[in-house]
Amino acid sequence: MQIAAAAGMNRWGLGNAGNAIKLNKSGPNRGRLMMLMWIILSSSLCLMVDGQMKIPPETVQKWAVSFGKEIAALSSRYSGAKLLQKKYKDIEGVVKMEEVNGEELVKKFAEEMEEMLGRKMKTVKRLAEAAEDADYYHDYNETLEFDYYNSMLINTVGQDGNPVPLGGEFPLEENEHFNKLSVNTQQSNIQVPTNVYNRDPDILNGVYMSEALNDVFIENFQKDPTLTWQYFGSSSGFFRLYPGIQWIPDENGVVTFDCRNRNWYIQAATSPKDVVIVVDVSGSMKGLRLTIAKHTINTILDTLGENDFVNIIAYSDYVRYVEPCFKGTLVQADLDNREHFKLLVEGLHVKGEGKVKNAMKESFKILNEAATLGQGSLCNQAIMLITDGAMEDYKDVFEEFNWPERRVRVFTYLIGREMTFAESVKWIACNNKGYYTHISTLADVQENVMEYLHVLSRPMVINHDHDIIWTEAYMDSVLFNTQAQSLLLMTSVAMPVFSKKKETLSHGILLGVVGTDVALKELMRLAPRYKLGVHGYAFLITNNGYILSHPDLRPLYKEGKKLKPKPNYNSVDLSEVEWEDTEEKLRTAMVKGETGMLSLDVRTSVDKGRRVMFLKNDYFYTVLKETPFSLGVVLSRGYGQYIFTGNVSVEEGLHDLLGPDLTIANEWTYCETDIDPAHRKLSQLHAVVRYLTGKEPDLECDGQLLQQALFDAVVTAPMEAYWTALMLNASGVDEGVETVFLGTRSGLMRFQRYTGMEKRVAKSFLTSTDKENMFTLDHFPLWYRRAAEYPAGQFLYYMPRLDTRGRIVIATTAVTVSVGKKTAVAGAIGVQMTLDVMESRFWAITSQPNDTDCSDIDGICPLRCSSLDITCYLVDNNGFILISKQRSDVGRFFGEIDGSVMTTLIRMGMFKRVSLFDYQAMCKMNSHSVSSARPLLSPFYGLASTLKWFLSNFLLFLLEFNFCGFWHTEHFAEAKPAYSGSSSHKKKGDILQPCDTEYPSFVYESSVKETNSIIKCGRCQKMFVVQQIPQSNLLMLVVQADCDCSRQFPSITLQPEEVKYNASVKCDRMRSEKIRRRPESCHAYHPQENANDCGGASFISLSDSLFFLCLFFSALVS
């Protein structure tokens, strides 16, 4: 304090000198006095820098040691970690330690998955056989009258109080197996899309014929109670679903679901295909015609899947690619690319004269080159020509490129009411094994596009090749209206159903597709978490390298408060999740269907990407036979290499399993509760107890997992008594210590609440909503995973994210078992407390009293963190602040608060910056608006716009009116979304789109225990001292507070930055075709195919006056 006092005297002395100078305003000495003042001021500032802010490191070290001892004693006392470690130490002589064999594990998991998926395939085979037999013995009746249960109309009464037609009483009961939906397991029912007349003769005959499937549905469910939805999608449009449900329309009262649009239907009905869509954008295609053409393109795109390839060409006076980057090539028709094409199609404009010849030449060249180079699907090839007429002589194009083999089918879509060119457009299709359709309204699009699928299915139907297909992962948000069901990832297995009648053989009539769903989480239960260790996991990919299931797959994002599937959720590539596989060796081997093993050093993030862990992972992989899927199993080296087993009697284990403080992982499968309906309401713990007590001997239980749980229950049983004794102790429990907990490798958890609910800050901690800190199907608790990577016996401290909880701290440590040189993690134990518990101890220790002996201290003495001129922090090993004088700093990254000190610590090697990548991110779009609408420049323009809107909608009403719609009025609502203006004015800044991001994480280098330094910041210098808290992951920072370095050292944030790709790189990434495994079957040709069945024109009589009125309105609208 002597230096500080000197500085103070100088300051006062300066003030007096200033006054003296002020009084003596005259005389030759004035300049000298001013110079003297400047010298004194400079000297004073130097003294302040050199002496006042010298923080003694030895003082900070003492604080750190004292604080470390206090929190270690606190954590150890209330958790009982030493007692638990002793209990596991005591049993080391009787346990058996084994190394986990990854090759055996992946083989066993694969066999069990193949057996499960095999049962699903047998299910659809039985359905296909039953449907074909039913059709064979059914005679089509044009005048058939038949009432069926329409899922939209069941349990509905009319104004007269009687059931509406096709309705009637249809009993529904909530069912646990079907995600608590109300269903009828004794009966299927029928869904018909809004744009299909529900009493059409084709519908009635198909529904009547398929009634035979009801008994098969029920029999299948009895044979395999793990089955979920079974269904038959008819080529005429109806959808038979078992069990029957009440179908809920959308907010407009419309049912947009059409089974023929679903991936399972399309993939089962056709083989893989290469498609070039050729669209006429000449001047005659303006107005409604262009709108219909765009809708036709989008509908065709919706019929494509990840085994198909596509490109789109627009033509008028010249030929241009809708996406110039894709010039001369085919790209995979995955969800990403399809959505990209849709955005580009929306921007198409008409101009010039339509010259189709060059466009057709370009299309044939693309397809021929793909076939020659072994690219694309190497199966069906087709050109989709969308035009309002073709005037050129194009015969020589087909002679040059397609005749006589006719390897490329050409499908033609004549747009608009004009029929002048109908014969020429039909000729193109009929002479190239395609199909011609005439589309005059938006309502015609869906049915007419579907025709091409029936043509492509002919060779397969004639051959009677019942190929079984498996779809990529998907969520059915259209079929199911509950969030729990609609956001469930599934795969479907499906099989085509053919007409076996001889008289229709050459026509190759596809009756429809049968299928069933498999929830992917149910499939992944066959790779149980307890066998994989704390960081291990299993995953599945498709033949295209896309993720089917992976714990790091994030298919959802938040839009406001609502969770929604990301646009590309089911086309996330393995290389985008396992991104450390930079050479894609793992991906290549798995896509090729190989069996093997690969090791990788990986950086993995936890706690929502805020923290990083470094692991060495061993990947074991194999193919699932008779499916397009490959299975991967990941084991982390270190503690994850070994597993130990111990024996206890059922009686002893059961006694300890019934403790009030004990739970087991309800998402794990200790006993299979989904087979017998009577077991479905049992929790896993209740099921285990009933099985072990002999009350439910028929339950199928995992013997190895049960043995581990019983063993862990016995070993950890003394903890209940220890925790209870602490609560009953006369001295009581320190205020703020709220919960103590432990978890073991068997999914067993014990916890004790030291604080009642009314006083507890962390009210959600370890509740059913707190998935992050519980054992789930995908991961061990966060506190368990973090403890496992920290030395056993030492506590690791961290604050959960402030957006999810109050100001709390979690202290956790691992408990191990060793046999010889082999060590395995038995579990983790910890305590949750309020931040106040640590803060009170921190501020008490970091304040030296006035009577401190300062004789041997070089620097400020006594030193207090409460002083205004210094700031003290408690920071964890990832740089997050636990304690600060500014309470708003708590929970934030230290680099955001003080960039100068953090930058210096990184330069000195005390912290290391680690780059992480997220290839599943969602970013805001940059431009301001997607709307190309002109501003309303005048009242007249506003009036004209209103009139134009009215006329255009009236025109659409006239053009879309038909007899089916007259009887089925919901039909009109379907076209509504296409003309809604609200989305066109949406700001791009509000729209999220998939992107790649890079974000930093910081890790403390534990070999550097302490450091101090002085940072030069312009006209001042900032001193700081950093000291590690012994036996913890924490650091104490003492920083000079009166030197602002923010101009020289900007803050360091953890904000992710979008990875920007220039046009060339972006194009290369979009064009690149990764290694993929093609489906084994291909049905592109059959000599008996009736190519003369190639479509025809259909007229709707229209009066001349109305026709010209429509043309006038169309011109006005455009």
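How many helices and strands does the secondary structure of this chain come to? The count is 30 helices and 41 strands, where helices (H or I, at least four residues) and strands (E, at least two) are DSSP runs numbered from the N terminus. Good morning, colleagues.

The model before you is predicted: local features need pLDDT of at least 70, side-chain atom pairs count only at pLDDT 80 or more, and totals for chains, interfaces and linings use all residues. Residues are numbered from 1 along each chain as its sequence is written, and side-chain values use heavy atoms, with hydrogens and water left out.

Let me start with the chain as a whole. Of its 1118 residues, 54% are buried; buried means under 20% relative accessible area, exposed over 50%, and partly exposed in between, with a 1.4 Å probe and protein chains only. The chain exposes about 49900 Å², and carbon and sulfur atoms supply 53% of that area, computed by the Shrake-Rupley method with a 1.4 Å probe. Among contacts (heavy atoms within 4.5 Å) between residues at least 6 apart in sequence, 73% join residues at least 24 apart.

Six strands form an open sheet in the order β4-β6-β5-β17-β16-β15, with antiparallel pairing; two strands pair if DSSP finds at least two bridges between them. Strands β4 (189-191) and β15 (469-470) stand at the edges with a single partner strand each, so one side of each is left without a neighbour in the sheet. Within this sheet, β5 (residues 230-234) and β6 (residues 239-242) pair in the antiparallel sense over 4 bridges. One of the residues concerned is Q230, whose bridge partner in β6 is Y242.

Helix α5 (residues 102-136) lies across β5, β15, β16 (490-498) and β17 (510-519), and runs at about 30 degrees to β16. For that angle, axes are lines fitted to C-alpha atoms, for helices over the stretch in contact, and angles run from 0 to 180 degrees between N-to-C directions.

Which residues of helix α4 (residues 81-90) are buried? They are A81, L84 and Y88. Seen down the axis of α4, the buried residues fall within an arc of 65 degrees, so they line one face of the helix; the arc is that of the directions from the helix axis to the C-beta atoms. On the other side of α4, K82 and K89 are exposed. As a general point, an α-helix has 3.6 residues a turn, so residues three or four places apart point the same way.

Finally, the salt bridges. A search of the whole structure finds 47 of them, each being a side-chain nitrogen of Lys or Arg within 4 Å of a carboxyl oxygen of Asp or Glu. In one, D876 and R611 have their closest N and O atoms 2.8 Å apart. Because D876 lies in strand β34 (residues 870-876) and R611 in strand β23 (residues 611-623), the pair ties together parts that are 265 residues apart in sequence. D876 is buried at 0% relative accessibility, and R611 is buried at 1%.

A further salt bridge joins E839 to R807, with 3.1 Å between the closest N and O atoms. Here E839 sits in helix α24 (residues 835-845) and R807 in the loop between β31 (796-798) and β32 (808-819), 32 residues apart. E839 is buried, at 6% relative accessible area, whereas R807 is partly exposed, at 22%.
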